[in-house]
Amino acid sequence: MACTSCSTSDGGAPKGCKNNGTCGTDSCNKLTVFDWLANMSPSNGEAIFDCVEVRFKNGRKEFFRNSEKLTLSIGDIVATVASPGHDIGIVTLTGELVKIQMKKKGVNPDSNEIPKIYRKASQKDIDIWSVARDREEPMKVRARELAIQHKLEMKISDIEFQGDGSKATFYYTANDRVDFRMLIKDFAKEFSTRVEMKQVGFRQEAARLGGIGSCGRELCCSTWLTDFRSVNTSAARYQQLSLNPQKLAGQCGKLKCCLNYELDTYMDALKDFPDYDTKLVTEKGDAICQKQDIFKGLMWFAYTNNFANWHVLKIDQVKEIIAENKQKNKVSSLEDFAIEVILEPEKDFNNAMGQESLTRFDQPKKKKKPNRKRKQNAETAVAAAPVKPQQTNNNKPTGGNQNKPNNQNKPNNQNNQNKPNNNKKPNHSNKPRTNDNKPAEPRKPIIITKNEHKK
């Protein structure tokens, strides 16, 4: 964290700006400067520079003169001069580095127009300030509704209350000039406070609000970038990036500032390359450059009558062909100078650590196949169930049920349980009989053939 006063005290209460470590969401780390002279005292008894840097909401910083000679350190909450009333801010830088920052931003350290610091903020000042800050979000929603009712082509991006709650500043973005005179009257009537409107650019809006870029880090304009240089599409062409506006645009809708970071390196590397528009003259026809690789020093050329086949040449070979063309000589073909590029096998990083895919729930569930073992057991149980045969007067099974088991062993009533059954037939099962005390095992079906029945 850039703010050293956000830590908690021994009793667990937050110190400093009382964000308790939530600096990433409340802008404590926006455009901060590391005070590497903090532990060094001025030499030869020189007085400490009497100006300090104070931060307000969303990275807005201003310089104030410590005319009362207060003992200030980074993280102190102070009451400063405002018009009208006073404002509440947090000290972010003190000492000699403030002088360097003032020169960087074009502020004269000896000017008499630098506002002053009244005092360190009291608890009453902090309470009024926190109550005013809590009103900003619901006010922003209502302010956007009023702007839509007036049919104004503007976007209210942020609202900042003054420390004493006497004035609210509305920051908005618009493509053209907006006549908001009626809107200000509605704001003053709706919110019962003084209203000030400030128009900011799209990049300044992104710097104030902050966010996460496509690289996964916080936006450069809201953390450390202070100057907004112009970015052109030529920067993407020199780096051979696809001219896709969705990929090249940032949160502000403009081209990303990071396109300029490596542009100088690419420009230095391209000095050794022939011009991209260079045309090679051969006996087979003219060839035009299609692609460059500044890291490997290679260029791809293709004939004007056959753009499908590309030939890879080194820079030295291209310069040799250009020298021959300047002497009005034609080389035989590009194939004599082309080299073979061995393509590296693509590395598969999918599931490198044995982790499951995040898109595993996107696919429909597979239907479960029926369990064959359960199906076989069910069929066996159905086959093993006893079936009563249709008996005739002679106690013989009918011809249609000859293959069914003979169940004459079962008594007809309870009175005949102790009587021996003379019609009992031999048991053709291979399993021995069980005692009456033990549970009987399930019987297998008894199949009687014709010959056995006749016997």
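User: In the hairpin of β10 and β11, which residue takes a positive phi?

Analyst: Helices (H or I, at least four residues) and strands (E, at least two) are DSSP runs, numbered from the N terminus, and two strands pair if DSSP finds at least two bridges between them. In the hairpin of β10 and β11, with 4 residues between the strands, G297 has a positive phi near 70°. This is a predicted model, in which local features need pLDDT of at least 70 and side-chain atom pairs count only at pLDDT 80 or more, while totals for chains, interfaces and linings use all residues. Residues are numbered from 1 along each chain as its sequence is written, and side-chain values use heavy atoms, with hydrogens and water left out.

User: What is found on the side of β9?

Analyst: β9 (residues 279-281) and β10 (residues 286-293) pair in the antiparallel sense over 3 bridges, with L280 opposite A287. These two strands also form a hairpin with 4 residues between them, where G285 in the turn has a positive phi of about 140°.

User: In what order do the strands form the open sheet?

Analyst: The order of the 4 strands is β9-β10-β11-β12, with antiparallel pairing. Because β9 and β12 (306-314) stand at the edges, each with a single partner strand, one side of each is left without a neighbour in the sheet. From one strand to the next the twist averages 35°, where axes are lines fitted to C-alpha atoms, for helices over the stretch in contact, and angles run from 0 to 180 degrees between N-to-C directions.

User: Which helix packs on the sheet?

Analyst: Contact means heavy atoms within 4.5 Å. Helix α11 (residues 315-326) packs on the sheet and touches β9, β11 and β12, while its direction makes about 105° with that of β12.

User: Is E53 buried or exposed?

Analyst: Buried means under 20% relative accessible area, exposed over 50%, and partly exposed in between (1.4 Å probe, protein chains only). E53, found in strand β1 (residues 51-55), is buried, with a relative accessible area of 1%. Leaving aside neighbours within four places in sequence, the contacts of E53 include K61, F63 and K105.
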